[in-house]
Amino acid sequence: MLKKVVIIAIILIIALGYTSMISEVYATVTGEEILQSTQATELVEMKESTKDKIDEYIEKYGSTPYGIAAYILNAVRIYSIPFCFIGIAIGSIYQYVIGIRKLDVRDRGFKLIITFVTILLICQVLPLIFAIVVNGWRG
């Protein structure tokens with residue numbers, strides 16, 4: 001059941017991404033048609049903002065590897081929240097809705113909840129530990 005839901009979600013995400021990438025905007029400048037993609041300009045803007053953020057982290061930590069590691073840990077911290085909340089919700093459904101009549105499904109739901117809470121805590125605390133170790137012990 002869970003595999004089917006995950007596969008359907010992945011197919012929907014791919015389909016939505018595919019249709020958004022196909023849309024293009026054509027503009028005419030002095031009689032010539034120029035293909036201008038709004039996604040391309042958005043990607044360039046995202047690239048520039050990401051580069052600026054990485055440069056800030058490199059300046060803050062004083063080293064390129066430390067700056068890139070801090071940027072990646074911050075991204076993991078941000079994106080782990082919705083991922084883990086979805087996992088906790090699925091585990092809760094297994095434990096409290098489906099697991100009312102089936103004890104093995106109830107145990108699976110409990111294990112899912114524990115797993116996702118652990119992952120959430122690790123992803124939230126790891127950037128803090130990294131900052132303390134790099135800034136505190138490195139000097």
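## Rings, patches and helices in a predicted model

D55 sits in helix 2, which covers residues 38–61. Its relative accessible area is 37%, so D55 counts as partly exposed.

**The overall layout**

Let us step back to the whole chain. The protein chain contains 4 helices and 2 strands. Their order along the sequence follows the pattern α-β-β-α-α-α. Of the 139 residues in the protein chain, 17% are buried.

**Aromatic pairs**

A pair of aromatic rings is described by the distance of the centres and the angle of the planes. How many aromatic pairs does the count give? The count comes to 4 aromatic pairs. Among them is the pair of Y66 and F130, which is edge-to-face, with 6.3 Å from centre to centre and 65° between the planes. Y66 belongs to helix 3 (residues 64–97) and F130 to helix 4 (residues 103–138), so this pair ties together parts that lie 64 residues apart in sequence. The two partners can also be compared with the cut-offs for burial: buried means under 20% relative accessible area, and exposed means over 50%. F130, with a relative accessible area of 17%, is therefore buried. Y66 has 32%, so Y66 is partly exposed.

A further edge-to-face pair is made by F83 and F116, with 5.5 Å between the centres and 70° between the planes. This pair, too, links distant parts of the chain: F83 is in helix 3 and F116 is in helix 4, 33 residues apart. F116 has 14% relative accessibility and so counts as buried.

Here are the two pairs side by side:

| Pair | Geometry | Centre to centre | Angle between planes |
|---|---|---|---|
| Y66 and F130 | edge-to-face | 6.3 Å | 65° |
| F83 and F116 | edge-to-face | 5.5 Å | 70° |

Ring pairs also build a cluster. Which residues do they link? The cluster consists of Y61, Y66 and F130.

**A cysteine in helix 4**

Helix 4 also holds C123. Is C123 buried or exposed? Its relative accessibility is 16%, so C123 counts as buried. The C-alpha atom of C123 is separated by 9.7 Å from that of A75, although these residues are 48 residues apart along the chain.

**A nonpolar patch on the surface**

I93, Y96, V97 and I98 form a nonpolar patch on the surface, and together they have about 410 Å² of accessible area. One of its members, I93, is located in helix 3. With a relative accessible area of 45%, I93 is partly exposed.

Note on methods:
Residues are numbered from 1 along each chain as its sequence is written. This is a predicted model: local features need pLDDT of at least 70, side-chain atom pairs count only at pLDDT 80 or more; totals for chains, interfaces and linings use all residues. Side-chain values use heavy atoms; hydrogens and water are left out. Rings of Phe, Tyr and Trp (its six-membered ring) pair if their centres lie within 6.5 Å; planes under 30 degrees apart count as stacked, over 60 as edge-to-face and the rest as tilted. Buried means under 20% relative accessible area, exposed over 50%, partly exposed in between (1.4 Å probe, protein chains only). Patches are made of residues with over 30% relative accessible area and no salt bridge: like charges are joined within 9 Å, nonpolar side chains (Val, Leu, Ile, Met, Phe, Trp, Tyr) within 5 Å. Accessible areas come from the Shrake-Rupley method with a 1.4 Å probe; for residues, only the protein chains shown count as cover. A salt bridge is a side-chain nitrogen of Lys or Arg within 4 Å of a carboxyl oxygen of Asp or Glu.
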